[in-house]
Amino acid sequence: MKQLLILSGKGGTGKTTVASAFIELANAKAFADCDVDAPNLHLLMSQDTKPLKKDFYGMDKANIDQDKCSGCGVCYENCRFDAILQEEGRFIVDEFACEGCALCYEICPEKAITMVPCVIGDLELYKDDKVFSSAKLRMGNGNSGLLVSEVKKQMKENKIDQTKLAIIDGSPGIGCPVIASLSGVDLVLIVTEPSLSGMSDLKRIVQTSKKLQAKPVICINKYDTNEEITERIKVYCQEEELAFVGLIPYDMHVIQAVNQGKSIVEIDCKASAAIKEVFENTIKHIF
Amino acid sequence: MKIAILSGKGGTGKTLVSVNLAKALGTAHYIDCDIEEPNGHLFFKPLIDSKHEISVKKPLVDHDKCTACRKCVEVCRFNALALIGGKIKVFDDICHSCGACSILCPEKAITEIDKVIGYVQEGMADNVKASSGFMNVGVANGIPLIKSLLKNASKDHDVVIDCPPGSACSVMESIQDADYCVLVAEPSIFGAHNLEMVYDLVKLFNKKHGVVLNKSLTGDNPSADLCHKHQIPIIGNIPFEQRIAEMNSNGDIIIDKDDHYKQLFYEILLKIKEEVQS
């Protein structure tokens, strides 16, 4: 099974719109939403079946037994994440700040600290003749990379035999969840937009993909909102020898389709025609 | 007064709102906490007067002292150390810099060295001080950059904090000291879904908050519907207009170019001030 990941660097350039269109066009039997921070793909993928839900545990987090604690403050002094708080003469753990390193647990002279399992996200799996894996990170948590890896694992473990192509909707940025989503994919489609911000972020995500040995190809969404910057992005792609797979125009039908919970390819319009072309061009790079 | 701008979904206009609010304040400190994709500097184009690297600690094993007892491997919860061929190997990229291996090594064979994860720059653009953090490519966790930026937040002037997207740890870090949170939302079911997430976050942290609707069109606005449902105050409404999109894409600050928008941002600011003082 080949895996195509859709990324953008900058948020809001149209990753999920493109991903949902590609899933329809490829009739993909496996797909995943790795934007665990702000998942939206499920809003467009109407499913007949109910998802299987599963709690996702992140790193165990520290908990101080107040009866055993002597108030020596060794944990407080050594915690690098400012996760031990001093409140009214007691030491307590800020569970949002705790990264689960367990240093406090190891060094507490009173053995007053335990490491307790902690649910940090909710996994969802839709499975009928297709497999759709998704998750939502619980508010304020870290460990998003771990959850992203689990979303991909859940998709792979449940895939239907002879699935040829999996489509993965990624998250914005270049950090932890993006790095986790990049591992093992066969191609990255970067959806950018013609703005100084979009272009600046494009360069950073291209470098990130290359560093993780994933091959990137580029398309520009809403290209006609600033044709001058569109040209500059094309020149950048040529200079960097990045494959350019197409232009998608700004089209009011896109937001209408989204708000009806539909994929844009269900509507006959200029954006859907352009996305079909981008799809054909992208697929050539993967098979 | 510290104002944090957040959105859940990316690309809804956090930077547009942050930059223009900072500018509307006249004298202000703009801090770009979106360290993975910092863009505020593209609008302010500040004259950079300081730039310094931010580092975290990574373990360095002295193989002469190491007895290969595996204590460090056992205590590292991130699996960032392994004993391979009788020698301890450190995997920097997954190390969380907690210090456990170095503190707990019975032979004192592990010291820590600084590893640069990015840099922070500061500069002036008229009366706005603009600070941005740039996380290096390939680094997973940029929280130390955000901490450094916020530690240096101005104490004399109003501060505008441009947050990263999402509702995870980096956003929480960014809003911790805010007096007011502006939630920027676009008129789609995606926008509304992600607005609900950040709304839960600001409620959890008991922050004063209001919504700016961006890219508003005539017709349905699922984000506005959500505000009405939960009675979230709407403090501004920025219509979708081609010329805004164009100015914004070219890195222009729209209130510098257009009096109508200047008025709109002054009104948003006035509402925030009233709320913060109430």
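Student: What share of the contacts in chain B with a separation of 6 or more comes from residues 24 or more positions apart?
Tutor: Such residues account for 75% of those contacts. Please keep in mind that this is a predicted model. A contact here requires C-beta atoms within 7 Å.

Student: What else describes chain B as a whole?
Tutor: Chain B has 11 helices and 11 strands. Its C-alpha atoms fill a box of roughly 70 × 40 × 35 Å along the principal axes. Of its 278 residues, 53% count as buried. They are called buried because each has 20 or more other C-beta atoms within 10 Å of its own.

Student: Which domains does chain B have?
Tutor: The domain assignment gives domain 1 as 2–54 + 118–277 and domain 2 as 63–108. The C-alpha centres of these two domains of chain B are 41 Å apart.

Student: How do you know that S4(B) and S5(B) pair, and how many bridges join them?
Tutor: Strand S4 (residues 81–84) and strand S5 (residues 87–90) of chain B are joined by four bridges. Pairing takes at least two bridges, so these strands qualify. They run antiparallel, and B:Ala82 has B:Lys89 as its bridge partner. Two residues lie between the strands of this hairpin, where B:Gly85 takes a positive phi near 60 degrees.

Student: What makes the sheet of chain A an open one with edges, and which strands are the edge strands?
Tutor: Nine strands of chain A form this open sheet, in the order S3-S8-S9-S2-S10-S1-S11-S12-S13, with mixed pairing. Strand S3 (52–57) and strand S13 (243–248) of chain A are its edge strands, as each pairs on one side only. Neighbouring strands are turned by 20 degrees against each other on average, direction ignored.

Student: Which helices pack on that sheet?
Tutor: Helix H4 (residues 144–157) of chain A touches S2, S3, S8, S9 and S10, and its direction makes about 165 degrees with that of S9(A). Helix H6 (residues 196–211) of chain A touches S1, S11 and S12, and makes about 170 degrees with S11(A).

Student: How do you know that S12 and S13 of chain A are partners, and how many bridges join them?
Tutor: Five bridges join them, and the two strands run parallel. The pairing rule asks for at least two, so S12(A) and S13(A) pair. Across these strands, A:Ile218 stands opposite A:Phe244.

Student: How many residues does each chain bring to the contact?
Tutor: Chain A gives 51 residues and chain B gives 49. Elements of chain A that give two or more are H3, H4, H5, H6 and H8. The largest share of that side, eight residues, comes from H6(A). By class, the side of chain A has 19 nonpolar, 24 polar and eight charged residues.

Student: Why is a set of residues called a nonpolar core, and how many residues has the largest?
Tutor: The largest has 148 residues. The name applies because its members are buried nonpolar residues joined through C-beta atoms within 7 Å. Those with the most contacts inside it include A:Ile167 and B:Ile3. Helix H7 (residues 189–204) of chain B gives the most to this core, nine residues. A second, separate core of 31 residues includes A:Cys79, A:Ala97, A:Cys101 and B:Cys95.

Definitions and conventions: Residues numbered from 1 in each chain as written. Chains lettered and ligands numbered in written order. Predicted model: local features only at pLDDT ≥ 70, side-chain atom pairs only at ≥ 80, totals over all residues. Axes fitted to C-alpha atoms, helices over the stretch in contact; angles between N-to-C directions. Contact = placed C-beta atoms within 7 Å. Nonpolar A, V, L, I, M, F, W, Y, C, P; charged D, E, K, R; others polar. Buried ≥ 20, exposed ≤ 12 C-beta atoms within 10 Å, placed from the backbone. Domains from an automatic or database assignment.
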